[in-house]
Every structure is written in structure tokens, then in C-alpha cells.
Amino acid sequence: MSRFHKDPQEDWLTVCLKYLLFMFNFLFWVGGTAVMAVGIWTLTDKSDYLSLLASSTFAVSAYILILAGVLVMVTGFLGCCAVVREQRSCLSVYFSCLLLIFLIELVAGVLAYVYYQRLSDELKQHLSRTMTENYRQPGKEPVTLAVDSLQQDFKCCGSNSSSDWLFSAYTALPDAEGRVVPDSCCKTVTLHCGRRDHPSNIYKVEGGCITKLERFLSDHLLIIGAVGVGVACLQLVGALLTACFIYLLYKEEEEDFSSVE
């Protein structure tokens with residue numbers, strides 16, 4: 001039997017730490033679920049837009065959060081088992097897992113923060129060129145779908161304004177059939193509606209897509225960073241409690257050994 005059941009005079013501090021660790025592991029498991037949910041939400045909510053980004057940092061941050069979330073949920077369960085068994089070896093493994101996950105989530109948070117700082121420059125340099133050079137071009141179907149979704153979802157036209165399309169490779173194509181903007185710029189999308197660029201027909205005065213996409217991605221990055229750093233801080237508390245619990249078990253084992261001698 002474990003010491004949890006057989007030692008009625010167990011030190012009150014050990015008992016308190018044990019129940020605190022149980023509570024922590026429950027919060028830890030809930031936090032892991034939240035971390036994984038945020039990662040999945042980041043990848044699935046408007047995931048088409050990822051093809052418009054120059055780097056994969058945004059997606060990598062989300063994948064790291066999903067991995068960390070899975071590890072947190074598994075580690076939380078193992079932590080409960082380790083506390084019940086009161087084995088220092090199991091608790092040491094649990095402690096090591098906490099530190100590992102802490103580092104993983106810290107990396108995700110830092111990546112999100114760093115990318116947040118340079119997001120505006122990347123979009124200004126890359127998005128305009130991507131839209132004007134790759135839209136409706138052979139082999140660029142993902143970009144085409146992403147641009148169409150972007151303009152409809154955010155009610156915008158062009159990277160900075162609808163006039164950007166006048167200098168695009170798309171309007172020079174025979175497939176454009178006289179369109180001055182893609183049909184996805186239209187307030188009500190119909191075939192060949194892009195031939196007329198009047199403000200009553202297209203999103204001409206609502207602004208370009210860069211500002212709106214930047215705001216959308218910035219909000220996601222802030223949530224990624226906040227969740228990653230927040231749960232990482234929670235893990236530091238858990239690691240401290242675990243270290244104290246391991247120390248108390250070690251002291252009790254020493255006292256038991258001394259009394260036997």
C-alpha cells in the first residue's frame with residue numbers, strides 16, 4: 001500500500017502539498033486543453049490566409065502550442081499518478097516533463113511575440129506582390145483561393161486599394177475578360193461583376209486588405225503569446241510544488257531509515 005493510506009501521522013505540510021498538487025494537475029489538464037484548442041483554432045480559423053504569408057512562423061507557433069497542449073494533458077494525468085504513488089522517481093520524471101513543456105510553450109510565446117513585431121513589414125512587402133503577381137496564375141491556385149476568401153471575408157479590395165489590381169498580372173490575362181478587379185472584390189459576387197469598379201459595386205472605399213489582415217493576425221498572435229506564457233508560468237508553480245513535495249518525501253524517507261537503524 002502507498003504511504004497515502006498507511007501513515008495516519010503524515011506531516012500536515014506533506015498532506016497540503018499533495019492536495020495542492022492534485023488541484024494543480026487538474027488546472028494543468030484544463031490549461032493543456034485550452035492551449036491545444038487555441039493552437040487548433042489558430043490553424044483552422046481562416047487557414048487559407050497562411051499561403052499569403054512569406055514565412056511559416058505563424059503556423060509553427062500554432063503547431064508548437066498543439067504539441068504542448070497534448071503533452072500537458074498527458075503530463076497532468078501522469079502527475080496525479082505520481083502524487084498518489086508518492087514515488088520520488090515518478091515525481092522526478094514529472095518534474096522534468098514540466099520543465100520541458102515550460103520551455104516548449106515559452107518558445108511558442110516568444111515566436112509569436114517576435115513575429116508580431118515584424119508582421120506589418122512582412123505584409124507590406126510580400127502581400128502586395130503576391131496578390132498582383134500570383135493571382136489566377138498557373139500553379140497558384142491556393143493563393144487565388146486565399147485572395148478571394150480574404151477580400152470577401154474582410155470586405156476589402158487589393159492590398160492597399162482597389163487600384164492595385166490595375167497593375168496586376170491578372171487583369172492582363174485573357175481570362176480576365178475585361179475585369180478591372182477580381183469578382184471577389186464585389187459586394188455581391190456575380191460572374192463578371194469585376195468589370196465595374198464603382199464604389200457601389202466593389203469594396204473601393206473600405207480600404208485595402210493589408211491593414212485588415214494585419215489586425216486579424218495580430219489578434220491571433222497576441223492570444224498565442226498570452227496563452228503560451230500564461231500556462232508556462234502555471235507550470236513553474238507546479239514545478240516548485242513538485243520540488244517541495246519531492247524534498248519532503250526525501251526527508252521522511254531519511255527519518256524512517258534513521259528510526260529503523
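Visitor: Does Leu-249 count as buried or exposed, and why?

Guide: The model is a predicted one, and in it Leu-249 has a relative accessibility of 1%, so this residue counts as buried, the cut-off being under 20%. Leu-249 belongs to helix α6, which covers residues 209-260, and its C-alpha atom is separated by 27 Å from that of Gly-31, 218 residues apart along the chain.

Visitor: How do the axes of helix α4 and helix α5 cross?

Guide: Two packed helices are described by the distance between their axes and by the angle between them. Here the axes of α4 (residues 88-134) and α5 (residues 141-153) come within 10 Å and cross at roughly 115°, and the crossing is left-handed.

Visitor: How many aromatic pairs does the structure hold?

Guide: There are 4 aromatic pairs, and one of them joins Tyr-135 and Trp-165 edge-to-face, at 5.1 Å centre to centre with 65° between the planes. This pair links distant parts of the chain, since Tyr-135 is in the loop between α4 and α5 whereas Trp-165, 30 residues apart, is in the loop between α5 and α6.

Visitor: Which residues do ring pairs link into a cluster?

Guide: The cluster consists of Tyr-135, Trp-165 and Tyr-170. The rings of Trp-165 and Tyr-170 have their centres 6.4 Å apart and their planes at 80°, so this pair is edge-to-face. Tyr-135 and Trp-165 are both buried, and Tyr-170 is buried as well.

Conventions
Residues are numbered from 1 along each chain as its sequence is written. This is a predicted model: local features need pLDDT of at least 70, side-chain atom pairs count only at pLDDT 80 or more; totals for chains, interfaces and linings use all residues. Side-chain values use heavy atoms; hydrogens and water are left out. Helices (H or I, at least four residues) and strands (E, at least two) are DSSP runs, numbered from the N terminus. Buried means under 20% relative accessible area, exposed over 50%, partly exposed in between (1.4 Å probe, protein chains only). Axes are lines fitted to C-alpha atoms, for helices over the stretch in contact, and angles run from 0 to 180 degrees between N-to-C directions. A crossing is left-handed if the near helix is turned anticlockwise from the far one by less than a right angle, and right-handed if clockwise. Rings of Phe, Tyr and Trp (its six-membered ring) pair if their centres lie within 6.5 Å; planes under 30 degrees apart count as stacked, over 60 as edge-to-face and the rest as tilted.
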